[in-house]
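Please open the structure in your viewer and get ready to select pairs of side chains as you read.

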Amino acid sequence: MGRTDTAGQERYRTITTAYYRGAMGFILMYDITNEESFNAVQDWSTQIKTYSWDNAQVLLVGNKCDMEDERVVSSERFEFFEASAKDNINVKQTFERLVDVICEKMSESLDTADPAVTGAKQGPQLTDQQAPPHQDCAC
């Protein structure tokens with residue numbers, strides 16, 4: 001099985017489509033310290049869907065996890081659940097987690113906002129709840 005690493009460079013865009021057709025799997029890698037590299041993942045994913053065979057497997061990898069203090073792409077952005085509406089698997093949990101994340105962000109905003117500017121009182125206190133496990137960097 002061959003492999004190709006074009007490092008996402010635009011100059012290779014014209015030749016990469018030929019490689020998609022024969023590939024069984026892809027690693028889409030982005031730089032956790034570079035927002036633009038994360039945003040490009042969607043474009044590469046679309047290319048893979050367009051030019052590869054239906055059963056090609058895709059793995060998303062955030063590189064440079066050793067540079068945590070320079071991180072700009074939060075690992076919370078791609079926390080996910082697998083769910084089944086038909087069998088009622090993780091449907092409620094998905095919505096509950098979404099509400100938790102929204103509340104956490106609102107609480108952070110209230111904590112950092114200047115009350116004199118916002119006119120806001122101290123926000124509601126959130127109860128400590130265990131978030132569902134998700135994979136973190138495995139350096």
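**A tour of salt bridges**

Begin by selecting Glu108 and Lys105, which form a salt bridge whose closest N and O atoms are 3.9 Å apart; a salt bridge here is a side-chain nitrogen of Lys or Arg within 4 Å of a carboxyl oxygen of Asp or Glu. This is a predicted model, in which local features need pLDDT of at least 70 and side-chain atom pairs count only at pLDDT 80 or more, while totals for chains, interfaces and linings use all residues. Residues are numbered from 1 along each chain as its sequence is written, and side-chain values use heavy atoms, with hydrogens and water left out.

Both Glu108 and Lys105 lie in helix H3, 3 residues apart, which is about one turn of the helix; helices (H or I, at least four residues) are DSSP runs, numbered from the N terminus. Glu108 is partly exposed at 44% relative accessibility, and Lys105 is partly exposed at 40%, where buried means under 20% relative accessible area, exposed over 50%, and partly exposed in between (1.4 Å probe, protein chains only).

Next, stay in helix H3 (residues 91–112) and select Glu96 and Lys92, which are 4 residues apart and so separated by about one helical turn. Their side chains meet in a salt bridge of 3.8 Å, N to O. Is Lys92 buried or exposed? Lys92 is exposed, at 57%, whereas Glu96 is partly exposed, at 39%.

Finally, select Arg71 and Glu68, whose side chains meet in a salt bridge of 2.9 Å, N to O. Arg71 is partly exposed at 24%, and Glu68 is partly exposed at 47%. A search of the whole structure finds 5 salt bridges.

Conventions: Helices (H or I, at least four residues) and strands (E, at least two) are DSSP runs, numbered from the N terminus.
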